[in-house]
Amino acid sequence: MLKSTFSKLDLLKSRAIKRMPRKKWEKKEVPPPRYKKMPLDQDWPNVWPVARTFHPASVPLPLHQGHVKGHKASPGKFANLELMKIPNFLHLTPPAIQRHCEALKKFCTPWPESLRTTEEIQESFPLEVLTTDYLHSSPSIRDFRSRIVTVRIKLSEFEFDEHAKDKFLRLVGSRYNIPTDYVTTVIDCCPLRKQNHDYGMYLLAALYHESKGIETWEIEKSEEDMEKYVWEGSSSQKTLSEILAQLVQTSNVTKSTYLQPLEGSIVTSENIAVVKPVQHYRNATTTLHNRGEDKEIVEDYGRAVRALFNLPSRS
């Protein structure tokens with residue numbers, strides 16, 4: 001028999017260990033911040049073209065933000081969270097705004113030549129709609145107060161008669177400002193601005209048409225039912241017309257020069273309404289009834305009566 005041979009089993013193989021040379025770490029120089037390389041005449045809108053978080057190396061300004069106890073100086077711009085968490089307007093510098101305006105010019109039309117003054121603008125656009133946008137540091141860009149819409153318009157723009165004007169003022173109540181003649185309505189009942197705007201337009205239209213309408217019971221109202229004294233159609237107007245008609249037919253016309261144009265004609269409420277003493281008496285009587293008696297009002301009423309009947313002035 002042949003003697004078999006077996007290869008030697010080497011459990012621990014001897015390997016030549018090759019040691020790699022240690023890597024030599026070279027200390028690199030840290031380049032200076034970017035703002036130190038910026039020229040003074042650089043194009044800033046190209047450096048900061050859009051809204052972004054504050055970066056201290058890109059802003060060549062010695063900014064400080066924050067508060068330190070002990071009356072110390074505020075922290076600088078590097079590693080300053082106060083500067084990073086607030087919105088900035090570095091992208092809205094005057095040169096950037098000017099470029100935006102130049103780019104938007106092609107989409108705009110020239111301002112009308114006939115709207116140069118505030119009076120001309122109010123005449124062409126009598127209705128004013130005021131809204132407010134809020135900008136603040138918050139996780140949400142929405143503000144619940146921005147839904148509020150204010151609608152303003154002058155009462156004279158409606159061209160109401162006396163009945164419609166009185167009814168309109170009673171409906172709006174304290175929303176009418178007498179010195180400025182503006183009716184101001186604030187709408188905030190809806191959750192969205194557009195909803196409040198639409199509701200404001202509907203409310204203004206409803207007030208207008210309700211004021212112009214005349215109910216059946218309003219036609220049946222007598223002088224005693226009026227909420228305030230009205231000269232037109234009153235008993236005072238009728239009585240004055242009868243007295244002046246008698247004066248025109250007598251020789252007293254020569255004493256009252258304002259009655260001479262009425263001589264030979266029929267005296268009516270319409271043709272005496274343009275006479276100045278009659279207008280003075282009408283205004284004085286209306287004020288006396290609606291505002292009550294005081295020294296100034298009573299004296300004005302007395303002057304109106306003396307001028308109306310050509311009586312001597314009170315000494």
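User: How many aromatic pairs does the structure hold?

Analyst: Ten aromatic pairs. The model is predicted: local features need pLDDT of at least 70, side-chain atom pairs count only at pLDDT 80 or more, and totals for chains, interfaces and linings use all residues. Residues are numbered from 1 along each chain as its sequence is written, and side-chain values use heavy atoms, with hydrogens and water left out.

User: What makes W44 and W48 a stacked pair?

Analyst: Rings of Phe, Tyr and Trp (its six-membered ring) pair if their centres lie within 6.5 Å; planes under 30 degrees apart count as stacked, over 60 as edge-to-face and the rest as tilted. The centres of W44 and W48 are 6.1 Å apart, with 15° between the planes. Hence they are stacked.

User: Why is the pair of F160 and F168 called tilted?

Analyst: Their ring centres are 5.3 Å apart and their planes are at 45°, so the pair is tilted.

User: Why does F160 count as buried?

Analyst: Buried means under 20% relative accessible area, exposed over 50%, partly exposed in between (1.4 Å probe, protein chains only). F160 has 15% relative accessibility, so F160 is buried. F168, at 0%, counts as buried too.

User: How do you know that the charged end of R145 sits over the ring of Y134?

Analyst: The rule needs NZ of Lys or CZ of Arg within 6 Å of the ring centre and within 35 degrees of the ring normal. The charged end of R145 is 4.0 Å from the centre of the Y134 ring. For K23 over W25, the distance is 5.0 Å.
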